[in-house]
Amino acid sequence: MRYVKVLWVHDFADDPVLYLSELGDDRCETRKVQFYRDGRSEWADESSETATVGLSEIPFPSLEEISSQPGFTARVITPEEFERAWNEAHTGF
């Protein structure tokens with residue numbers, strides 16, 4: 001597994017500002033957490049999605065490709081950092 005964090009700097013009130021993704025060997029998402037400016041978080045995994053958060057159906061782009069887009073910064077994170085965010089999204093803590 002690989003874990004990535006993508007920060008999106010923007011002025012859209014209803015869009016996430018932070019994405020954390022767990023990627024399989026095929027670079028496809030297996031779990032994802034989204035955080036919003038208002039403190040709200042949402043999550044998706046291979047068995048649960050909502051109208052506003054779901055797993056991508058295509059392989060995750062390279063960090064360089066993501067970071068080359070205006071307003072986006074992407075980096076690798078530790079499994080522990082992802083798990084903390086995942087647990088926070090599930091429990092609110």
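Buried residues have under 20% relative accessible area, exposed ones over 50%, and partly exposed ones fall in between (1.4 Å probe, protein chains only). The model shown is predicted: local features need pLDDT of at least 70, side-chain atom pairs count only at pLDDT 80 or more, and totals for chains, interfaces and linings use all residues. Residues are numbered from 1 along each chain as its sequence is written, and side-chain values use heavy atoms, leaving out hydrogens and water.

**View A. Five strands, numbered 1 to 5, form an open sheet in the order 4-3-2-1-5.** Strands (E, at least two residues) and helices (H or I, at least four) are DSSP runs, numbered from the N terminus. Two strands pair if DSSP finds at least two bridges between them. Pairing in this sheet is antiparallel. Strand 4 and strand 5 are the edge strands, and each pairs on one side only. From one strand to the next, the twist averages 15°. Axes for such angles are lines fitted to C-alpha atoms, for helices over the stretch in contact, and angles run from 0 to 180 degrees between N-to-C directions.

**View B. Strand 1 meets strand 2 and helix 2 packs on the sheet.** The antiparallel strands 1 and 2 are joined by 6 bridges. Valine 4 has serine 21 in strand 2 as its bridge partner. Helix 2 touches strand 1, strand 2, strand 3, strand 4 and strand 5, and its direction makes about 65° with that of strand 3. Contact here means heavy atoms within 4.5 Å.

**View C. Helix 2 has a buried side and an opposite face with exposed residues.** How far apart are the end C-alpha atoms of helix 2? They are 18 Å apart, which agrees with the span of 18 Å for 13 residues at 1.5 Å a residue. The expected span is 1.5 Å times one less than the number of residues. The arc used below is that of the directions from the helix axis to the C-beta atoms. Glu81, Phe82, Ala85, Trp86 and Ala89 of helix 2 are buried. Their arc around the axis is only 135°, so they sit on the same side of helix 2. Exposed residues Arg84 and Thr91 are carried on the face turned away from that buried side.

View D. A salt bridge puts a side-chain nitrogen of Lys or Arg within 4 Å of a carboxyl oxygen of Asp or Glu. The whole structure has 7 salt bridges. One of them joins glutamate 81 and lysine 5 (3.0 Å, N to O). Arginine 31 and glutamate 83 form another salt bridge, at 2.3 Å, N to O. Arginine 31 is buried at 15%, while glutamate 83 is partly exposed at 29%.

**View E. Arginine 40 and aspartate 38 meet in a salt bridge.** The N to O distance is 3.6 Å. Arginine 40 is partly exposed because its relative accessibility is 33%. Aspartate 38, at 59%, counts as exposed. Elsewhere, salt bridges that share partners join Lys5, Arg75 and Glu81 into one network.

**View F. Arginine 27 has a positive phi.** Most residues other than glycine have a negative phi. Phi of arginine 27 is near 70°. Arginine 27 sits in the loop between strand 2 and strand 3. Its relative accessibility is 25%, so arginine 27 counts as partly exposed.
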